[in-house]
Amino acid sequence: MSVLADTLVAKGVGQAPLVEQLSRNYSFKAATPNEGHHLAAALLAEGAIASVVTLNFDLALTNAIGSLGVGDAVGIVDGPGDLKDQKVINLYYLHRNANAADPETWILRTEALKTEWKGSWEGIVAAKVLATPVVVFAGLGSPADVLIESIQLIQKAIPNANKVFQVDPSDQDKSEFSKALALNADAFIKAKWGDFMAALAQRVVVEHTTQLKTAADALVKRDALAAEDITGLLRRLEEIGLVQLGGLRASWLLHNKPYYRDDAVGRELIADLLLAAGMLARITGSTPVLYADGIVEFRRGDRTVASHLFVSGRGSRSRIAIESELSARHRRLRGRPTPPSGAVVAGARNNVNAVTTPVDVILGNDSDSIVTGQSTLQIFHVESLRGDPNQCLQVAP
């Protein structure tokens, strides 16, 4: 690619025709994110990754950040003109990308790759990012001078300042990048991009479930609650993975975006709902199985006896506001194999005089359709269930 760009520039044409052909034949702007991209976006949102520097021209990572709705936490820097948009956590397109107004700014030519970056923004960004305690190079089979020289300068100026790893699906002795960095064998991880990101994300999930267990134990002690067995529920969270865990948090906390990153407040609210699910399972003699869409199914043997949405009003939403949101979600979930028939609600702002508006002003709340089934959800409030455990038998009869 560099040779072709060099040839076009030498002929006085410029590299614009090459960029235009690439853009025409590849969906750079509408690039579909793969699992690794989604996991990278989630890890950035969680702060598990401080920054990502990509040499790709497509916008798959940007699209992944957008699809999870975590752009408020991650700064996206398409080029030097966007440095003002940096945040604590950032995605840098070091060689520009499909959003570049001028195709000549794409870093394609040999001289641009080898020398022209020196003293420019590429070197500054690389030095900033590569000065972090742990640096991972993934998917870089051939040397990239700006990255190699920057990391070498940092290691020379501050010996043992960081640990450097390379992830690549091929053998280390076949990697020119690994040779240029003079990496030891224990710093080379033979893995595909998606597999490595999944393993990294799983480590974060385990940390999150451990913190949830700690939050649940603290709630039990502080509020004098029964010490429910939530081991199976926590294991289920580990099984669904990081992106789905963030989706479940978003659903349970009535978040307006697809992904909700872990934080202390949300952690306590999620732990409260897990304890509620554990209580219901204990009293009704059932097994709870949770899903990323916010549904908890209660099973006895191989039979699902109940399916409920779980949500928290976070102590600020009124019961009417929560029920309105639940009604909208219920409509979206009717095509599910086991659509929810009820909802378990915690953290609703006490609104004892609230009256739920009927879905159908003629038929009221008892309308059933032979096509879509029951039109309303029966709502159970966690506070009431804890106050009168016999009510739990209505949740999973």
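Hi everyone, two housekeeping points before the tour. Residues are counted from 1 along each chain as its sequence is written, and side-chain values use heavy atoms, leaving out hydrogens and water. Because this is a predicted model, local features need pLDDT of at least 70 and side-chain atom pairs count only at pLDDT 80 or more, while totals for chains, interfaces and linings use all residues.

Let's start with the sheet. What is the order of its three strands? They form an open sheet in the order β1-β3-β2, with parallel pairing. A strand here is a DSSP run of E with at least two residues, a helix is a run of H or I with at least four, and both are numbered from the N terminus. Two strands pair if DSSP finds at least two bridges between them. β1 (51–54) and β2 (75–77) stand at the edges with a single partner strand each, so one side of each has no neighbour in the sheet. On average, neighbouring strands are turned by 10° against each other, direction ignored.

Look now at β2 and β3, residues 90–93 for the latter: they pair in the parallel sense over three bridges. Ile76 stands opposite Leu91 in β3.

Which helix lies across these strands? Helix α6, residues 121–130, lies across β1, β2 and β3 and runs at about 145° to β3. For such angles, axes are lines fitted to C-alpha atoms, for helices over the stretch in contact, and the angles run from 0 to 180 degrees between N-to-C directions.

On to helix pairs. Two packed helices are described by the angle between their axes and the distance between the axes. α6 packs with helix α7 (residues 145–157) at about 50°, with the axes 9 Å apart. That makes α6 oblique to α7; under 35 degrees counts as roughly parallel, over 145 as roughly antiparallel, 65 to 115 as roughly perpendicular, and the rest as oblique. In contact terms (heavy atoms within 4.5 Å), Glu122, Gly123, Ala126, Ala127 and Leu130 of α6 meet Val146, Leu147, Ser150, Ile151 and Ile154 of α7.

From α9, Gln202, Val205, Val206, Thr209, Leu212 and Lys213 meet Leu234, Leu237 and Glu238 in α10.

Time for some loops. Most residues other than glycine have a negative phi, and most peptide bonds are trans. Ala224 has a positive phi of about 55° although it is not a glycine, and it is found in the loop between α9 (193–223) and α10 (231–240). Is Ala224 buried or exposed? Ala224 is exposed, with a relative accessible area of 68%; buried means under 20%, exposed over 50%, and partly exposed in between, using a 1.4 Å probe and protein chains only.

Ala182 also has a positive phi of about 55°. Its place is the loop between α8 (176–181) and β6 (188–190), and Ala182 is exposed at 59% relative accessible area.

Last stop: Val136 in strand β4, residues 134–138. Val136 is partly exposed, with a relative accessible area of 37%. Leaving aside neighbours within four places in sequence, Val136 is in contact with Phe165, Val167 and Phe196.
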